[in-house]
Amino acid sequence: MVQTLYDFKRDLSKRGIFLSFSGPISQDLMVEMGATLKQKMKLEDASKSSVLRVFAMVVENAQNIIHYSAEKYPRKKQNEKACGGEDPVKCCESEELSLGIITVGYEEGYYFVLCGNMIENEKVKGLKEKLSKLQGMNKDELKQFYKAQRKQKPDKTSKGGGLGFIEMARKASRPIEFDFKKIDEDLSFFSVKIII
Amino acid sequence: MEQLNIESTKFTPEIKFHPDSNTLELKGRSYPENTAEFYEPVLMWLEDYVEAPDDVEISVNVELTYFNSSSSKVLMNIFDMLDEAAKKGKKVMVNWIFDEEDETIMEYGEEFLEDIEYLAFNLIAKDDGDDQ
């Protein structure tokens, strides 16, 4: 392992990736990663608007991972046990960590944000349809769709506003790329790439 | 009117009601982990204001330098509430304040403006360097 770490680092560089994190993602981690990312991009003389866009993409993706990753630690059953008789739902929400991957890179003159996390197989179809729909929209259609979604009454079951991917599609310079890889009977790995 | 006093953090704005000027101020960055939970006291405060029979004129100053998509949804929710109140005759005004060089925040303001009907919604560009 120790002999191959450099290969791993070089592999990231070959893909243009200059910032990466794989593992449990928390709000605090995202905030600090975002701050360092901004600092790095400013030092590279990136324009103010690209710094903000890339930062915003990292925030949206990290919060998607935090809210929706199917890979959690500790797994729910373990956590309920650790909580004893207390409200297991509340306890799980505050204690659990969500796992995922966040990377930021630069290739062919564009910054990109490439992220991934596990999702439940039954959610694949819906998400694929949503993202395919966004891929087919132009900037004006995206704007109208964003505004229509934003006007909807808040959905109590959704932890976010349901606007994250539309926001990403609007800020991207090319359609969002995505992929689903079936891992087993329950889970798939979802990857998404936003070119800014 | 009720007190409202929320201090800012790295990822949540300062939210204060100043009773002397009847101004509600939201200032800073907004990307909480749980947006609905964070804004709940603000929405409750606004509901009280909207339902109060007395006719106090208030200003809502929004000066955010960054907000995530779920905060955008909450802001729309707040402006819809105030729009409804304005329709019923409440005297309320929103000032959307942005750094004059920050086109992104200006454009967000314009898009909110497009989506409200009765509420006075002012876009106010602020001179950079004037503030700190």
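The dialogue below reads some features of this predicted model, one at a time.

Q: What should I keep in mind about the model and its numbering?
A: This is a predicted model, in which local features need pLDDT of at least 70 and side-chain atom pairs count only at pLDDT 80 or more, while totals for chains, interfaces and linings use all residues; side-chain values use heavy atoms, with hydrogens and water left out. Residues are numbered from 1 along each chain as its sequence is written, and chains are lettered from A and ligands numbered from 1 in the order in which they are written.

Q: How many helices and strands does chain B have?
A: Helices (H or I, at least four residues) and strands (E, at least two) are DSSP runs, numbered from the N terminus. Chain B has three helices and six strands, and along the sequence they follow the pattern β-β-β-α-β-α-β-α-β.

Q: In what order do the strands of chain B sit in the sheet?
A: Two strands pair if DSSP finds at least two bridges between them. In chain B, six strands form an open sheet with mixed pairing, in the order β1-β2-β3-β4-β5-β6. Its edge strands are β1 (5-6) and β6 (120-126), each of which pairs on one side only.

Q: Which pairings of β3(B) are parallel or antiparallel?
A: Strand β2 (residues 14-18) runs antiparallel to β3 (residues 23-30) in chain B, over five bridges. Bridge partners here include B:E14 with B:K27 and B:F17 with B:L24. Four residues lie between the strands of this hairpin, and B:N22 takes a positive phi near 50° there. With strand β4 (residues 58-67) of chain B, β3(B) pairs in the parallel sense over eight bridges; B:T23 stands opposite B:S59 in β4(B).

Q: How many salt bridges are there over all chains?
A: Side chains of opposite charge can pair when their charged atoms come close. A salt bridge is a side-chain nitrogen of Lys or Arg within 4 Å of a carboxyl oxygen of Asp or Glu. The whole structure holds 18 salt bridges over all chains. One of them joins A:D7 and A:R10 (3.4 Å, N to O), and both residues lie in helix α1 (residues 5-14) of chain A, three residues apart, about one turn of the helix.

Q: Which parts of chain A does the pair A:K193 and A:E107 link?
A: The closest N and O atoms of A:K193 and A:E107 are 2.6 Å apart. This pair links distant parts of the chain, with A:K193 in strand β6 (residues 187-195) and A:E107 in strand β3 (residues 97-107), 86 residues apart.

Q: Is A:K193 buried or exposed?
A: Buried means under 20% relative accessible area, exposed over 50%, and partly exposed in between (1.4 Å probe, protein chains only). A:K193 counts as buried because its relative accessibility is 15%, while A:E107 is partly exposed at 29%. Of the 132 residues in chain B, 50% are buried.

Q: Why does the salt bridge of B:D115 and A:K147 join two chains?
A: The closest N and O atoms of B:D115 and A:K147 are 3.5 Å apart. B:D115 lies in the loop between α3 (103-114) and β6 of chain B and A:K147 in helix α7 of chain A, so the pair joins two chains. B:D115 is buried at 16% relative accessibility, and A:K147 is buried at 7%. Through shared partners, salt bridges join A:K143, A:K147, A:R150, B:E114 and B:D115 into one network.
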